[in-house]
Amino acid sequence: MEALRIAFTGFLLIAFQMLLAPSLSIENLVYPAPYVLFWLMLPFSWSPQVIGVLSVIYGVFMDILFPPYGLHTFCGLWVVALRKLIFRVAHPNLPPEWELTTSTRSLGMGEFFLYAFPLTLLHHMWYFPLAAWELSSTVLLGLGLSTTYSFLWEWIIFVVALRQRHVRN
Amino acid sequence: MNLSGWLRIFLHPIVLWIAGQITAFYFFLSFTPEPKGAVKRFFISVQKGIHEVAFWISSPWRALKRVDELEQLTAQLQSQLSSLSDTTAYIPFPAGAIGDFSAVAKYKFLPAKVVYQSLLLRENYAILNRGGRDGIYPGLGVIDPQGVIGLVAETTATYSIMYALFHKNVHLAATLPRHGVIGVVGWKTPTLNSLFLEYIPLYVRVEPDEEVWTAPNSLIFPAGLRIGRVRAVRSDFTRGFHAIQVDTYADWSRLSGVFILIPPS
């Protein structure tokens, strides 16, 4: 069931990126990239190998559909590599077996912000300068605005489609 | 180590992650124009650096060899000089490469050193130790003491990349000075020092050993520079032109000093 849900999430995010993101973007300034949410929503309890393979498959799909080729996978694997670390930094009092007991779908609003925003920023910090192949003030402005905008859409998708209903805010 | 040990290493999350990152970044660098160009420029700079160091290390040996060559050349020139009745001028440019002096008189000949050259590519090139600071820019012709050798394709401040005549995309307007007809030379065979001269009409009677010069309508070279000699003539009756094999005067495998032709400003 969890696997089906993850596959649905991937499909939903790719569809969003294909159909809605172009019309929601402001050219050369803001580009929504909530597809990062797939890597964020992968369960912590799954084995690193499975997570790695799924991340690469999703990244390859993104690369095939959206140039520049290879960059989505490259940036996504950074998110996958650092997401547990970020989660632990944001939640210092986690129990020893937190990976088995914590679900990405059961995060509260504040928890989701502390977890998703830094990782979205990390993804965009790789993605935007490399895609533009420069580090100008325009790119940095676009990076900051797009991170905020992407997170906004991640939050909306998380709340509307992915979050468990019984979780407190 | 047995198979399961290797599998355990290869399936380790960190190894998988690094493999995925390297593959993804390789695709990014290979299929995106700007990074691809930057990587190419970086490797050419590294290549140039390595060859300059190698050139510097080997310079004493090459200098000794050059002394021998110069001694022989001096002896040869002295013997030639003794046979001439009057010698009035020193020639400061590669006279051997020039068939007709009238068109090249206003050009400046800038000596350059070949830092690196490719030998086995379909797009052969050489790196020259002259760049934008010396007044070099893309599109200038390059000759060696024997004849035309290529053209400057890219420049940085300190070095230039010269596309050789033996580059699949380099074509030059050429003429057979005996007849005054104009054709195009290009490199089609994988054999170095051999070109094809095309578009010479069938009514022209081309003989082996005829000279091939740069044509007056060339946008890169002045007219009258030596390119090579006709080796064989094949008549292509389906196209109405000769297909002429030309042996170049310049020897790509023995390239050393070259001259960049700078036109009058």
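Helices (H or I, at least four residues) and strands (E, at least two) are DSSP runs, numbered from the N terminus. The model is predicted, so local features need pLDDT of at least 70 and side-chain atom pairs count only at pLDDT 80 or more, while totals for chains, interfaces and linings use all residues. Residues are numbered from 1 along each chain as its sequence is written, chains are lettered from A and ligands numbered from 1 in the order in which they are written, and side-chain values use heavy atoms, with hydrogens and water left out.

View 1. The buried residues of H1(A) are A:Ile6, A:Thr9, A:Gly10, A:Leu13, A:Ile14, A:Phe16 and A:Gln17. They cover an arc of only 160° around the axis, which puts them on the same side of H1(A); the arc is that of the directions from the helix axis to the C-beta atoms. A:Leu4, A:Phe11 and A:Leu19 are exposed on the other side of H1(A). Buried means under 20% relative accessible area, exposed over 50%, and partly exposed in between (1.4 Å probe, protein chains only). An α-helix has 3.6 residues a turn, so residues three or four places apart point the same way. The packing partners of the buried residues of H1(A) are helix H2 (21–24), helix H3 (36–41), helix H4 (48–65) and helix H8 (137–162) of chain A.

**View 2. The loop between H4 and H5 of chain A.** A:Phe66 is found in this loop and is buried, with a relative accessible area of 13%. Leaving aside neighbours within four places in sequence, A:Phe66 is in contact (heavy atoms within 4.5 Å) with A:Ile14, A:Gln17, A:Met18 and A:His72. The C-alpha atoms of A:Phe66 and A:Gln17 are separated by 9.1 Å, although the two residues are 49 residues apart along the chain. A:Pro68 also has its place in the loop between H4 and helix H5 (71–90). The peptide bond from A:Pro67 to A:Pro68 is cis, with omega near 5°.

**View 3. Two residues with positive phi.** A:Trp133 has its place in the loop between helix H7 (109–132) and H8 of chain A, and its phi is near 55°. A:Trp133 is partly exposed, with a relative accessible area of 33%. In chain B, B:Tyr199 lies in strand S8 (residues 194–201), with phi near 65°. B:Tyr199 counts as partly exposed at 38% relative accessibility. Most residues other than glycine have a negative phi, and most peptide bonds are trans.

**View 4. The barrel of chain B.** In chain B, 6 strands close into a barrel in the order S6-S7-S8-S11-S10-S9, with antiparallel pairing. Neighbouring strands of this sheet are turned by 40° against each other on average, direction ignored; axes are lines fitted to C-alpha atoms, for helices over the stretch in contact, and angles run from 0 to 180 degrees between N-to-C directions. Strands S6 (residues 171–176) and S7 (residues 181–186) of chain B pair in the antiparallel sense over 6 bridges, and B:Leu172 stands opposite B:Val185 in S7(B). Two strands pair if DSSP finds at least two bridges between them.

View 5. S3 (residues 141–143) and S4 (residues 148–155) of chain B pair in the antiparallel sense over 3 bridges and form a hairpin with 4 residues between them. B:Gly141 stands opposite B:Leu151 in S4(B). S4(B) is joined by 5 bridges to the antiparallel strand S5 (residues 160–167) of chain B, and S4(B) and S5(B) form a hairpin with 4 residues between them. B:Ile161 in S5(B) is the bridge partner of B:Glu154.

**View 6. Nonpolar cores.** The largest nonpolar core has 48 residues; B:Ile143, B:Ile149, B:Leu176, B:Leu197, B:Val212 and B:Ile260 have the most contacts inside it. Strand S12 (residues 257–262) of chain B gives the largest share of this core, 5 residues. Apart from this core lies another, of 41 residues, among them A:Ile6, A:Leu37, A:Phe87 and A:Phe158. A nonpolar core is a set of buried Ala, Val, Leu, Ile, Met, Phe, Trp, Tyr and Cys residues joined through side-chain atoms within 4.5 Å.
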